[in-house]
Amino acid sequence: MENNMSRAARRQSAPLPNGQPPRPPRPRKRRKKWRWIVAILLLLAIVGGVMMSMVLSNVKTSVDKMYRSAKVTKARDVQQVLKKGEPFSILVLGTDTGALDRDRTGLTDSMMLITVNPKTKTTTMMSIPRDIMVAIVGHENTFPQKLNAAFPIGDVSSTILTLQNYLNVPIDFYALVNMGGLEKLINQVGGVEVESPLTFTYQPDNDKPDVYKFYKGKEKFEYASDGKNFKTYTTMNGYAALSFSRMRYDDPQGDYGRQLRQRLVLKALLKKSASAKTLLNAKFMSSISKNVQTDMKFNNLTTVALKYMSATKKQTSEHIQGVGDMYNGVSYQMVTETEKQRVTTLLRKSLDLKAKNTGTQFGGSVPAMYSYIAEYNLNMINETLDPQ
């Protein structure tokens with residue numbers, strides 16, 4: 001019988017020195033079972049990797065559709081800025097001209113310079129009056145112009161350079177957003193909750209009977225599709241959010257009041273959408289790809305999604321305060337040097353940049369033949385034209 005035992009069994013049953021009892025036989029390892037488990041895990045990993053690759057590929061396709069170069073030399077190396085995890089800025093321009101692939105000549109009636117600082121975990125939103133009087137860079141011979149005309153006259157590059165010169169703050173990226181795209185974006189995240197800064201009633205379309213009622217200090221609002229039978233809501237869908245942010249003439253603060261409501265909607269949207277899960281969601285990105293134009297590439301987006309999302313936890317809202325001015329029957333905004341310096345200092349600090357003097361008075365240089373126009377309007381804010 002002993003001869004029929006395996007070598008391992010004989011070694012285990014052999015008496016040990018000093019009369020110790022033999023070791024009990026070791027259980028045989030279930031190698032085949034573990035091999036199957038490892039194989040299954042590897043298969044799941046491969047399948048998961050393929051699916052993730054497909055999702056990211058779809059996201060990349062959507063981002064590639066949105067990409068449009070600013071066609072301008074940036075004030076700094078933005079790729080290095082993101083690589084080092086340093087604060088960056090993005091100029092957000094809103095237009096109501098329809099899908100961007102059909103019409104890229106509309107005025108940018110909503111303008112906001114946003115800075116994102118992952119170190120202080122703060123996002124700063126600076127609203128910019130669309131009616132600021134400027135000399136558009138590259139098109140100074142059209143002076144005077146409103147800032148929102150820089151896009152249709154000279155494209156996004158002129159807008160970036162004019163505002164960058166005006167404030168002496170680097171603009172790293174831009175995003176041109178059709179307001180219809182913003183509506184879809186809000187719907188994709190399931191709506192937003194916004195507390196209204198004033199009470200007002202608004203009819204989005206004069207040709208339709210639907211009416212909204214918003215109340216000061218409350219997220220609650222009412223809506224009647226027939227203008228009579230109102231229902232109460234607390235979450236705004238895209239249509240409600242755009243209606244809330246578009247109203248202008250019944251706001252005692254005029255365009256500044258509208259800018260405030262736009263910032264409130266954007267802040268609420270950031271809270272709902274600012275995550276890697278959302279930004280890298282194929283369906284989410286596909287839904288807005290036809291309504292957004294940006295010079296952020298796919299690798300920029302993934303970096304922001306993974307490194308900068310903590311900066312959206314704290315949000316601060318600001319605006320440039322101008323002074324109303326009428327020239328030749330057209331309404332403009334003039335901004336004092338003191339106010340410009342305040343804004344420049346705040347934005348540069350939010351980007352962890354050294355303090356510097358604010359930028360030029362009109363963005364671009366005013367041609368000598370139009371200097372009298374510049375002098376006339378600067379006189380409204382008790383300033384004189386700097387040497388050009």
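Author: The second largest cavity is lined by Asp 109, Ser 110, Met 111, Ile 128, Arg 130, Asp 255, Arg 258, Gln 259 and Gln 262, where residues are numbered from 1 along each chain as its sequence is written. This is a predicted model, in which local features need pLDDT of at least 70 and side-chain atom pairs count only at pLDDT 80 or more, while totals for chains, interfaces and linings use all residues, and side-chain values use heavy atoms, with hydrogens and water left out.

A cavity here is a set of points, on a 1 Å grid over the protein atoms alone, where a 1.4 Å probe fits but cannot get out, and its lining residues have an atom within 4 Å of a point.

By kind, the lining of the second largest cavity divides into 2 nonpolar, 3 polar and 4 charged residues; Ala, Val, Leu, Ile, Met, Phe, Trp, Tyr, Cys and Pro count as nonpolar, Asp, Glu, Lys and Arg as charged, and the others, Gly among them, as polar.

Now turn to Gln 333, which has its place in strand 14 (residues 330-334). With a relative accessible area of 13%, Gln 333 is buried, a word that means under 20% relative accessible area, with exposed over 50% and partly exposed in between (1.4 Å probe, protein chains only). Not counting residues up to four places away in sequence, Gln 333 touches Pro 129, Asp 131, Ile 132, Met 133, Tyr 256, Gly 322, Val 323 and Gly 324, where contact means heavy atoms within 4.5 Å. For one of these, Val 323, the side chain of Gln 333 reaches the backbone nitrogen at 3.4 Å.

Finally, consider helix 6 (residues 238-246), which is largely enclosed by the rest of the structure because 7 of its 9 residues are buried. Those buried residues are Gly 238, Ala 240, Ala 241, Leu 242, Ser 243, Phe 244 and Ser 245.

Definitions and conventions. Helices (H or I, at least four residues) and strands (E, at least two) are DSSP runs, numbered from the N terminus. A polar contact is a pair of N or O atoms within 3.5 Å; within protein, one must be able to donate a hydrogen and the other to accept it, and residues adjacent in sequence count only if both atoms are side-chain atoms. On a 1 Å grid over the protein atoms alone, a cavity is a set of points where a 1.4 Å probe fits but cannot get out, and a pocket is an open set with protein on both sides within 12 Å along at least five of seven lines; lining residues have an atom within 4 Å of a point.
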